[in-house]
Amino acid sequence: VKQVEYTITTIPGLESEASKEISNLNGKVLNEGSGFVRFTIHPFEIPNILSQSRVILRVLEPIIEGEYTSLKELIHRCSLIDWSRFLQPKNTFKIDLVGRTALAANQYMVLAVKDVLVDSLKRKYGIRPSIDTRNPDQLFILFVNNTHCTIYRDAAGVPLNQRGYRTKSLEAPINEVIAAGLLSFLGWNGTGLFIDPMCGSGTIPLEALSKSMNLYSQIHRTKGFALDRWPDRKNYGLKQGTTTGKLNQTLSQQSILLSNPKPWRIIGADKNPDVKPIVAHNITQLLTPYDIKQPDDFSLEIEHFEYLHANPVVKEARLWAQKNDLPTMVCFNPPYDQRMAVEDIREFYKFIGDTLKQQWKHSLVGIISGSVEGIKHIGLRAQRKIHIKNGPIDTRFHIFSIH
Ligand SMILES: C[S@@+](CC[C@H](N)C(=O)[O-])C[C@H]1O[C@@H](n2cnc3c(N)ncnc32)[C@H](O)[C@@H]1O
């Protein structure tokens, strides 16, 4: 079988988990860099990667790759390509530039490549495709440095963190790809007890639920994938009239039916009662394509972390996990309020650490925070610290094993 090279992008810090995912989905990893993983795979597997991956943002396919010494040389190479292979004239597109080169100003480079692309389609169809910088059907990414340039096309479209189920949220919801990455680092395979004691809009427990129920991560997308609009989509195993989403909704439903029911309990909790309708809404969104109601094994408790261990649902679930020799995992992102005084942050994280030590024995705990100061005051030794770069924010994910 012919293997082709692709690159996925992810959040810096999650590369190892993205690599695991690619291997599980039949890809062969070549190497990892900051925020990306290069791998080879048969193109027929790309729809699977798109619809099942949890810790990937984009799936990129190189169109042009190599050294160049001037913008002119690059443009010449671009002009040798029949761009109608990559873009339908009725579809909108956008070109993003990543990196920097001394050979030309970024803006100028993007414009030059755009002109070549538009001219190529104009010659073939007499129509000029239009640009949409906000919501393009097709995204091309120009990766440049002083000596090398790669032009990719993106198979995802809307980045894969935007699953489509979280249509309501409260303060500071965590990126879905980060949430899924944390679960992967903790080793949540869908079985056991999972608790997010400060769940807000419910992203972390909903990602945990999606894993437990074997849901495909991407079947809620309203606009499908960019791949569905590729002129050569049949090379990716997509027949006329099938879209990646449709294909995989069926496969996903089958996977739920075929999978052995795993024993799991998931609890989201928060002190703020306002989260209740939001989590309820998001869980309904998550399960709607499957026509499934909220399972009894998922519950939401309005409780302050200080008292959560004494909550009857939590107590019963912890006993259940213990009796069945299943893991108990606690994973959360505590509020990180920039307006909070340093003293308060210290106090708050010390409170978290003390509560964990006293009330949460026999659990594996993961805490992600942007507050270095805070984490220092938890007073527990981390088994593992992972640096995750969330846009401009430097966060750390700490894993503690509480004995
Ligand atoms: C950063 S938000 C969590 C966001 C969430 N991961 C999401 O994706 O929406 C922090 C949450 O912690 C909750 N919280 C703060 N202190 C708490 C406490 N002592 N007990 C329980 N929840 C608390 C807040 O109400 C807020 O919803």
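**Where the ligand sits**

The ligand sits in the largest pocket. A pocket, on a 1 Å grid over the protein atoms alone, is an open set of points where a 1.4 Å probe fits, with protein on both sides within 12 Å along at least five of seven lines; lining residues have an atom within 4 Å of a point. To sit in one, a molecule needs more than half of its atoms within 2 Å of its grid points.

The model is predicted: local features need pLDDT of at least 70 and side-chain atom pairs pLDDT 80 or more, while totals for chains, interfaces and linings use all residues. Residues are numbered from 1 along each chain as its sequence is written, and side-chain values use heavy atoms, without hydrogens and water.

**Contacts of the ligand**

Around the ligand are 19 residues, each with a heavy atom within 4 Å of it. Ser201, Thr203, Asp270, Phe305 and Asn333 come nearest.

Some make polar contacts (pairs of N or O atoms within 3.5 Å). A side-chain N or O atom of Thr203 is 2.6 Å from an oxygen atom of the ligand. Nitrogen atoms of the ligand lie 3.0 Å from a backbone N or O atom of Phe305 and 2.6 Å from a polar side-chain atom of Asn333.

**The largest pocket**

The largest pocket holds about 910 Å³ of space, a volume filled by probe spheres set on the grid points. Its lining has 36 residues, and Asn333 is among those nearest the centre, with Ala172, Pro334, Pro335 and Tyr336.

Definitions and conventions. Polar contact = N/O pair within 3.5 Å; in protein donor to acceptor, adjacent residues only side chain to side chain.
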